[in-house]
Amino acid sequence: MQSTKPTRTIAEKLLKIVSDEAGQIPDFRKKNRHDKIALHDAVMSGLAVMHLKYPSLLAFDRDCANKPDKLKNLKLMYNINCVPSDTCLRALIDPIETRYFRKFFTRLFAFVQRSGRLKQFTYFEEGYLAPVDGTGHFFSGKISCPECCVKKPDSKSPQYYHQLLACCLVKPGKKEVLPLMPEPIIKQVDTSKNDCEKVALKRLLANLSREHPHLPLVLNFDDLYSDGPTIKWVKSFGYSFIMVAKGSTHESLYQTVDELDCADKVMRYEYTDDKGFTHRFRFVNGVPINKSHPDVLVNYLEYIEIDPEGNKKYVNTWVTDIELSTENVNKFMRGARAKWKIENETFNTLKTQGYHLEHNYGHGKQHLASNLACLTFTAFLINQIEQLSCKLFQEALKAKKSKKALWHAIRGLFDWFYIDNWTDLFTAIIEGRSISLKLLTMDTS
């Protein structure tokens with residue numbers, strides 16, 4: 001029994017967007033070698049590995065090799081005509097310049113904008129809340145490529161690594177995040193020093209400004225970025241900011257605030273919530289970030305959360321360009337604390353919830369490590385948009401109770417049945433085994 005005229009799911013729309021853009025990536029090979037496996041098919045096969053949560057390219061190769069019936073699923077669900085072997089897939093993706101993957105993110109983001117769902121992330125009047133942070137996705141004492149950064153390069157045991165600087169749109173109380181194109185932290189051309197987060201931030205902001213010129217953002221940083229030059233750079237693109245400001249790195253700032261406090265020029269606000277937790281705020285607007293940059297004025301907020309027993313449960317201090325008042329410090333605090341979403345809802349999910357971000361799928365000789373990481377982020381963005389927008393995805397996730405269980409169910413159906421469309425797949429997961437046997441055809445190969 002087959003479904004008739006299935007509703008086109010969000011997954012199909014999103015994957016078609018990526019497929020269209022993958023088809024536009026210039027093929028680096030000579031024309032007489034284009035006809036065997038299209039570069040588009042290699043890129044979409046790489047995405048399928050990440051979207052189906054395969055633990056390795058070899059596992060994907062073994063599931064698809066000499067199984068023409070499996071190609072039907074890949075054709076209908078990912079628009080893949082010919083699946084390369086794991087070795088061939090690496091060889092085809094490695095030379096692609098990572099910048100060509102940027103279109104995946106801008107087109108998917110535009111889909112969210114056009115659908116009106118971006119409004120769900122509105123929090124600050126100044127712009128969408130967007131934490132920025134770096135994470136590692138490769139580390140080895142033996143394997144390396146020309147793009148690797150290197151620790152202890154002159155020692156007998158150099159350490160090679162890759163990192164990414166990521167930026168996501170988040171909202172306090174909202175599970176979904178919307179990652180933008182991550183910025184690879186890799187060895188740059190004609191430089192003797194390693195790349196780093198703060199240098200990568202300049203590239204990230206320039207790309208954001210070019211690709212999303214009318215997108216207002218409140219960028220949320222940790223203490224590493226909380227200095228005069230970085231604040232000037234962020235403001236030069238028209239973005240607002242929230243930055244952690246630790247006392248160990250901001251002695252003059254803390255001293256200035258204490259002096260103003262003694263002069264009764266610092267404001268305080270305190271309240272106790274329904275659960276008995278006390279929230280204390282101390283804040284002041286328009287103070288220099290430090291003595292070296294007296295022209296860089298920031299608004300300072302100190303926050304302490306105290307439990308009903310009188311214990312300090314959370315303490316933090318931030319600087320921002322958003323003007324602070326008793327009316328908005330509580331909302332501001334919640335937004336500032338939402339920076340954890342890029343660490344937990346993004347990095348932790350990508351490393352522990354089936355995406356295998358830190359797994360070495362293959363290192364290559366050019367851009368493979370960064371390209372596979374960007375495909376992992378692309379798969380993650382597609383899933384986040386599905387979770388945000390697709391009722392079938394939401395119901396399937398509810399039925400399986402966890403994302404890992406959902407990924408396992410999707411892979412299981414993909415491996416055992418012919419699947420005509422994503423609607424049938426999600427419906428089978430929602431309705432259970434009985435409907436699976438009626439809706440899908442068993443693969444007996």
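This is a predicted model: local features need pLDDT of at least 70, side-chain atom pairs count only at pLDDT 80 or more; totals for chains, interfaces and linings use all residues.

Trainee: What makes E3 and E5 a pair, then?

Mentor: E3 and E5 share three bridges in the antiparallel sense, and the cut-off is at least two, so they count as paired. One place to look is glutamine 163, whose bridge partner in E5 is isoleucine 185.

Trainee: How do you know that E3 and strand E4 pair?

Mentor: Strand E4 (residues 178-179) has two bridges to E3, again antiparallel. The rule asks for at least two, so they pair. Cysteine 168 has proline 179 of E4 as its bridge partner.

Trainee: Why is strand E3 called largely enclosed?

Mentor: Because nine of the eleven residues in strand E3 (residues 159-169) are buried, the rest of the structure largely encloses it.

Trainee: On to single residues. Why is serine 19 called buried?

Mentor: Its relative accessibility is 4% and buried means under 20%, so serine 19 qualifies. Serine 19 sits in helix H1 (residues 10-22) and touches His40, Met44 and Asn79, leaving aside residues up to four places away in sequence.

Trainee: How do you know that cysteine 64 is in no disulfide?

Mentor: The structure holds zero disulfides. For cysteine 64, the nearest cysteine sulfur belongs to cysteine 82 and is 11 Å away; a disulfide needs the sulfurs within 2.5 Å, so cysteine 64 is in none.

Trainee: Is cysteine 64 buried or exposed?

Mentor: Buried: its relative accessibility is 11%, and the limit is under 20%. Cysteine 390 is buried as well, at 4%.

Trainee: What makes up the lining of the largest pocket?

Mentor: That pocket has a volume of about 310 Å³. Its lining has 14 residues, with Thr98, Arg99, Glu183, Pro184 and Ile186 nearest the centre. Strand E5 (183-185) and helix H7 (197-211) are the elements giving two or more residues to the lining, and H7 has the largest share, three residues. By class, you get seven charged, four polar and three nonpolar residues.

Terms used
Residues are numbered from 1 along each chain as its sequence is written. Side-chain values use heavy atoms; hydrogens and water are left out. Buried means under 20% relative accessible area, exposed over 50%, partly exposed in between (1.4 Å probe, protein chains only). On a 1 Å grid over the protein atoms alone, a cavity is a set of points where a 1.4 Å probe fits but cannot get out, and a pocket is an open set with protein on both sides within 12 Å along at least five of seven lines; lining residues have an atom within 4 Å of a point. Grid points are joined across faces, edges and corners, and a volume is the space filled by probe spheres set on the points. Helices (H or I, at least four residues) and strands (E, at least two) are DSSP runs, numbered from the N terminus. Ala, Val, Leu, Ile, Met, Phe, Trp, Tyr, Cys and Pro count as nonpolar, Asp, Glu, Lys and Arg as charged, and the others, Gly among them, as polar. Contact means heavy atoms within 4.5 Å.
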